[in-house]
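Have the model open as you read.

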Protein chains: 2
Amino acid sequence: MSLLVVGSVAFDSVETPTASRDNILGGSAVYFSYAASFFAPVQLVGVVGQDWPDEHTRLLRARQIDTSGLQVVPGAKTFRWRGKYLPNMNDRETLEVHLNVFGDFNPTLSEEFRRSPYVFLANGSPVVQRRVLDQMNGPKLVVADTMDLWIREQHDELMDLLKRVDGLVMNDSEAKLLTDDENLVRAGHRICELGPKFVVIKKGEHGAMFFADHETYVLPAFPTANVIDPTGAGDSFAGGMMGYLAQRDDFSPQTLKEALAYGILVASFNVEDFSLDRMLQIDRPDIELRMRAYRRMLSF
Amino acid sequence: MSLLVVGSVAFDSVETPTASRDNILGGSAVYFSYAASFFAPVQLVGVVGQDWPDEHTRLLRARQIDTSGLQVVPGAKTFRWRGKYLPNMNDRETLEVHLNVFGDFNPTLSEEFRRSPYVFLANGSPVVQRRVLDQMNGPKLVVADTMDLWIREQHDELMDLLKRVDGLVMNDSEAKLLTDDENLVRAGHRICELGPKFVVIKKGEHGAMFFADHETYVLPAFPTANVIDPTGAGDSFAGGMMGYLAQRDDFSPQTLKEALAYGILVASFNVEDFSLDRMLQIDRPDIELRMRAYRRMLSF
């Protein structure tokens with residue numbers, strides 16, 4: 001089944017303790033789309049400026065990602081982010097943000113995209129996320145991401161959104177902020193009470209936690225010695241997870257757990273190089289190979 | 001098979017964001033012994049002062065822990081530690097340390113204890129740990145713990161010790177300090193190169209990692225909403241792990257992984273109350289029940 005993602009498309013400049021890259025392909029919708037494309041047909045909705053090179057679009061199209069929803073605004077500039085990772089490669093500092101065209105992002109979906117059964121609302125204003133949801137034509141599963149900015153500055157709008165989504169994906173510090181609870185197990189269940197049927201809390205190098213009614217579990221990250229750039233790990237996690245759900249066209253507890261594991265594995269590839277570079281080198285069999293190692297790791 | 005532990009026996013005063021306790025039973029050898037006693041007969045070696053109440057010894061003896069190696073020094077005081085946990089319940093501040101009798105700890109083992117096949121050198125000076133090792137009569141498996149203080153201040157002595165132990169257990173920040181590497185996967189393998197056949201890195205609420213030649217895995221912590229006091233989590237983890245190995249009298253890769261899981265589960269009980277209070281309420285069937293839930297959590 002097809003999977004719609006609405007989110008940012010960006011040029012990133014990334015500094016890590018050992019290397020740096022300028023103006024590389026990034027953005028939540030880009031990482032998500034590419035990761036999901038290993039599993040299911042993806043429809044990308046985003047906005048870029050005139051500075052956007054065709055080669056980036058071609059790269060996405062080569063994975064059968066439908067880019068007809070990628071709006072190009074003439075005379076405008078694409079969203080740019082510059083960040084720096086601390087030595088632990090988990091915490092980062094944002095050095096510059098230029099929203100550019102993304103600041104006025106107000107997507108109108110095509111008739112075809114409105115019928116997509118699987119929807120991921122990547123990190124963005126809950127107002128924009130709601131407007132996307134309003135256009136959807138009875139989707140089967142809607143999952144959203146969010147961030148500290150919206151928790152702090154658009155709290156009511158976020159609360160309204162949470163009542164309308166099936167799942168929420170967020171990172172650990174955001175879950176603590178949203179619930180004012182330092183215990184992630186309690187935090188996860190409290191977020192479920194705000195509306196979503198399930199909540200996934202991403203813990204970076206420590207894996208991910210899943211919460212639903214009477215259900216709590218944690219899966220560890222796949223241990224990799226080769227962390228080059230963690231940018232997009234959360235979005236490629238979500239892409240792997242949602243891509244697998246869309247492929248299976250099922251979101252039973254068992255399938256959700258498998259999806260979480262696929263998300264973890266796709267993210268573990270993504271962090272092994274800058275931008276999409278590592279994901280460009282792999283295909284589904286590489287993911288399956290790592291899945292076998294992951295299952296072995298967790299059985300005793 | 002019997003399991004020898006040499007380490008601290010203490011009175012702890014613990015403050016958490018929601019509660020505090022003064023002068024409660026603690027110390028690495030105490031937490032370790034109690035946790036291990038669910039699995040195997042334990043021989044405890046430690047030192048206390050005249051202020052040590054008999055009831056604490058009786059509590060340990062009630063679990064068949066051999067306390068004949070617990071030296072009582074007349075006219076002296078027991079080791080005391082006071083600490084405060086930050087709201088995240090993972091990081092803590094030491095407010096007071098009074099080594100008292102533990103400052104001169106220089107144990108002489110009985111003939112019986114020297115023949116113990118399984119040995120755990122709880123956190124302590126590597127000089128004392130080596131002296132204990134010198135007295136042992138061909139043990140099958142020796143595992144040590146250490147801490148930042150010894151990594152910084154007795155580095156050479158610690159390096160010598162590492163060449164003589166089979167396993168090392170330490171926490172994540174200590175592993176990073178010892179190797180000057182922020183990536184725990186690389187850090188774990190580097191520590192293996194210093195001598196130990198295997199290394200376990202404890203990550204607190206994020207579980208534990210295991211490293212041996214060509215082997216790396218991570219098991220997550222058992223998710224609990226009810227973290228009351230994390231003191232002793234690392235030692236009860238080590239106790240559960242070593243107790244299981246001693247019971248099985250085997251340390252093949254498969255048994256080691258099971259042992260790691262038992263360590264994680266015993267620690268997950270321990271943090272649910274102050275001192276030994278939660279462990280006092282359980283027995284082996286409770287651990288097995290949680291093990292079934294843990295195995296379910298990790299299968300998909």
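How many salt bridges does the structure hold over all chains? The count is 34, where a salt bridge is a side-chain nitrogen of Lys or Arg within 4 Å of a carboxyl oxygen of Asp or Glu. Before going further, a word on ground rules: this is a predicted model, so local features need pLDDT of at least 70 and side-chain atom pairs count only at pLDDT 80 or more, while totals for chains, interfaces and linings use all residues. Residues are numbered from 1 along each chain as its sequence is written, chains are lettered from A and ligands numbered from 1 in the order in which they are written, and side-chain values use heavy atoms, with hydrogens and water left out.

Take B:Arg80 and B:Asp51, whose side chains pair up at 3.1 Å, N to O. They sit 29 residues apart, with B:Arg80 in strand E6 (residues 79-85) and B:Asp51 in the loop between strand E4 (42-49) and helix H2 (54-61) of chain B; helices (H or I, at least four residues) and strands (E, at least two) are DSSP runs, numbered from the N terminus. B:Arg80 is partly exposed at 24% relative accessibility, and B:Asp51 is partly exposed too, at 26%. On this scale buried means under 20% relative accessible area, exposed over 50%, and partly exposed in between (1.4 Å probe, protein chains only).

Strand E6 of chain B also carries B:Arg82, linked to B:Glu96 in strand E7 (residues 92-98), 14 residues apart. Here the closest N and O atoms are 3.3 Å apart. Another salt bridge, B:Glu272 with B:Arg278, comes in at 2.8 Å, and B:Glu272 is buried, at 10% relative accessibility. Over in chain A, shared partners join A:Asp22, A:Arg82 and A:Glu96 into one network.

Now for the interface. Chain B and chain A each bring 34 residues to the contact (heavy atoms within 4.5 Å). Together they bury about 2700 Å², 61% of it on carbon and sulfur atoms; buried area is the accessible area (1.4 Å probe) that two parts lose on being put together, summed over both. B:His206, B:Ala225 and B:Phe300 supply 27% of what chain B buries there, more than any other three residues. Zero salt bridges cross between the chains.
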